[in-house]
Amino acid sequence: MRLFGEAWAWLTAPEQWSGSGSLPERVGEHLGYTLLALLVSAVVAIPLGYVVGHTGRGRELAVALSGAGRALPSLGLLTVLTLLVGIGNADSAATAVFVVLAVPSVLAGAYAGVENVDAAVTDSARAMGMTSWQVLTRVEAPLGLPLLVGGLRSAALQVIATAVLASYVGLGGLGIYIQRGISLRRYEEMLGGAIAIVLLAVVADAVFALLARIAVRIAGGQGTLSAGPPTEGRS
Amino acid sequence: MTPLRTPRRLAALAAAALLLAACGSGDPLAEPGPTTDGATASGEGTDGPAGTVVVGSQAYYSNEIVAEIYAQVLEDAGFDVERQFQIGQRDVYIAAMENGEVQLLPEYTGNLLQFYDADTEARSSEDVAAALPDALPESLTVLDYAEAQDADSYNVTAEFSAEHGITSLADLAAYEGDITIGGNAELESRPYGPDGLREFYGVDVGFVAIGDSGGPLTKDAIRDGTITMGDIYTADPDLASGDFVTLEDPESMILAQNLVPLLAADLAADLAPVLDPVSAVLTTEELIALNVRSVEEQADAATIATDWLTEQGLLGGTR
């Protein structure tokens with residue numbers, strides 16, 4: 001318990017909050033890598049997930065490929081990629097590693113959301129004369145939104161936890177405190193860094209919880225338009 | 001299904017518990033202590049087995065080679081040896097040594113001293129070695145240190161050195177451009193990090209944390225100019241490649257890191273006659289040669305150790 005007190009003292013000490021390499025700067029770096037990775041993985045995985053969910057084809061392949069990607073040890077991948085592109089471009093290597101980590105969750109959220117829409121709903125949408133594109137964009141995508149947000153949520157948490165690796169290739173982030181704390185036996189610094197990461201994850205989770213609520217409302221609104229209770233229950 | 005499964009699960013649990021209990025009583029790590037104590041106490045016989053010595057190593061390939069050398073030379077002298085290699089952090093193996101689970105491990109004098117005495121002023125090989133016995137806890141001691149060092153060193157590219165005429169840290173003050181140094185995250189807080197460079201050599205430097213302990217990432221960063229100079233250990237085979245120039249340290253800012261056997265104090269008298277001859281011939285050049293065989297030939301530690309000991313005539317002496 002005393003260690004937690006020391007870690008708290010370390011976190012709240014004024015020298016942590018100003019100058020170069022200060023805590024806010026490290027949080028900024030950490031958050032920057034996380035947001036960039038989420039954005040890239042969303043651009044890659046959401047369209048892919050919608051195609052898979054909408055057509056019902058390629059699901060096994062997508063799951064296998066993205067699952068295999070997630071099984072790669074991140075530190076090893078980061079080292080190899082950084083050596084490949086040169087350490088001057090370490091930021092792209094790190095982003096790629098975090099994207100590989102985030103894609104499976106986002107992909108699963110995207111296709112599961114679309115796939116789980118009741119067939120009766122999509123059938124009636126088609127019966128109303130909607131094109132395949134309209135079914136996807138007006139029915140399946142909005143109804144699948146809660147699951148998609150869930151996928152983004154778990155991806156964000158994984159990337160926040162893994163972005164400590166950025167410090168291994170000269171990119172800073174909150175991992176600095178953990179690496180340095182272990183080597184110098186400054187455990188209050190190590191724990192302080194870890195607490196900062198946990199707080200970041202909790203805040204991110206809260207933001208996504210809010211987004212999830214909004215997503216459910218959107219999906220619910222859409223649901224009453226085309227179907228009844230079954231869709232409500234689902235979302 | 002459920003009523004059938006529950007008893008089975010219970011049985012499995014019970015079996016697991018039994019297994020755990022069995023492991024607990026036969027803890028392999030707890031055994032060597034008493035055995036060796038007994039052997040040391042009796043200490044009879046000139047060439048009979050003198051008990052089991054547990055040799056550990058850091059999770060660093062070069063350290064494992066030296067640990068293997070210790071292990072083989074002890075086996076040759078009639079000791080039973082158990083290997084506990086690749087123990088990660090110093091915290092972990094020092095704790096294991098203090099409670100007798102590991103009894104011998106190759107250490108580096110400077111880091112070992114700083115572990116026990118963070119504020120030490122000692123820098124040179126002699127001063128560091130002289131300060132060690134007082135700093136160590138009573139249960140641990142060190143034998144003679146080897147000339148071989150694996151210390152931190154600052155390295156620039158050969159082109160940078162030639163272009164600006166910089167071969168020593170003392171030359172840096174006259175350099176006009178910005179200097180960024182790179183190394184493990186903790187270097188930023190070490191006495192020979194940015195603060196030391198300012199204090200001893202009057203240069204202000206930026207810092208980039210690169211976590212591979214002077215490995216390929218750090219070397220890449222020096223080559224492509226991400227950092228001006230990087231911290232690489234002096235026994236690194238790549239330093240002989242000619243790509244880099246290691247800057248001299250005329251003020252002795254950087255802590256000496258001689259290889260030294262760290263061991264349980266009650267074994268010192270028995271092991272010194274076996275290990276001292278090894279330390280006597282282990283120079284930095286020899287250490288680099290050992291590392292080269294590991295890095296370039298991918299030879300395993302045991303083969304490298306046997307070849308080296310044979311070459312040095314350190315095997316077969318007691319038979």
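Author: Let us begin with handedness. A crossing is left-handed if the near helix is turned anticlockwise from the far one by less than a right angle, and right-handed if clockwise. In this structure, which is a predicted model, α4(A) passes α5(A) in a right-handed crossing. The residues that α4(A) brings to this contact are A:Ser74, A:Leu77, A:Leu78, A:Leu81, A:Thr82 and A:Val85. Those from α5(A) include A:Ala90, A:Ala94 and A:Leu101. By class, the contact of α4(A) with α5(A) comprises 11 nonpolar, three polar and no charged residues.

Reader: What are the angle and the distance between the axes of α4(A) and α5(A)?

Author: Helix α4 of chain A covers residues 74-85. Its axis lies 8 Å from that of α5(A), and the two helices pack at an angle of about 145°.

Reader: How should I read a pair of helices that belong to two chains, such as α4(A) and α9(B)?

Author: The angle between α4(A) and α9(B) is about 25°, and their axes are 10 Å apart. These two helices are therefore roughly parallel to each other. The crossing of α4(A) past α9(B) is left-handed. On the α4(A) side stand A:Thr79, A:Thr82 and A:Leu83, which meet B:Pro216, B:Leu217 and B:Asp220 of α9(B). The residues of this contact comprise three nonpolar, two polar and one charged.

Reader: Where are the nonpolar cores, and which residues have the most contacts inside the largest one?

Author: The general idea is that in soluble globular proteins, nonpolar side chains tend to be buried together. The largest nonpolar core here has 83 residues, and those with the most contacts inside it include A:Phe98, A:Val106, A:Val159 and A:Val169. Helix α5 (residues 90-115) of chain A gives the most to this core, with 16 residues. A second, separate core of 57 residues includes B:Ala77, B:Tyr93, B:Leu143 and B:Ala146.

Reader: What does A:Val169 touch, leaving aside residues up to four places away in sequence?

Author: Within chain A, A:Val169 touches residues including A:Leu78, A:Thr82, A:Ala90 and A:Ala94; from chain B, B:Ile210 and B:Leu217 are among its contacts.

Reader: How is chain B itself built?

Author: Chain B has 12 helices and 10 strands. Of its 319 residues, 40% count as buried. Among the contacts in chain B with a separation of 6 or more, 74% join residues 24 or more positions apart. One helix pair within chain B is α5 (residues 109-116) and α6 (residues 125-135), whose axes come within 9 Å and cross at roughly 40°. That angle makes α5(B) oblique to α6(B), and their crossing is left-handed. Among the residues in contact are B:Leu112 and B:Tyr116 of α5(B) and B:Val128 and B:Leu132 of α6(B). The contact has eight nonpolar, three polar and no charged residues.

Technical notes:
Residues are numbered from 1 along each chain as its sequence is written. Chains are lettered from A and ligands numbered from 1 in the order in which they are written. This is a predicted model: local features need pLDDT of at least 70, side-chain atom pairs count only at pLDDT 80 or more; totals for chains, interfaces and linings use all residues. Helices (H or I, at least four residues) and strands (E, at least two) are DSSP runs, numbered from the N terminus. A residue is buried if 20 or more other C-beta atoms lie within 10 Å of its own, exposed if 12 or fewer, and partly exposed in between; C-beta atoms are placed from the backbone. Two residues are in contact if their C-beta atoms, placed from the backbone, lie within 7 Å. A nonpolar core is a set of buried Ala, Val, Leu, Ile, Met, Phe, Trp, Tyr and Cys residues joined through C-beta atoms within 7 Å. Axes are lines fitted to C-alpha atoms, for helices over the stretch in contact, and angles run from 0 to 180 degrees between N-to-C directions. Ala, Val, Leu, Ile, Met, Phe, Trp, Tyr, Cys and Pro count as nonpolar, Asp, Glu, Lys and Arg as charged, and the others, Gly among them, as polar. Angles under 35 degrees count as roughly parallel, over 145 as roughly antiparallel, 65 to 115 as roughly perpendicular and the rest as oblique.
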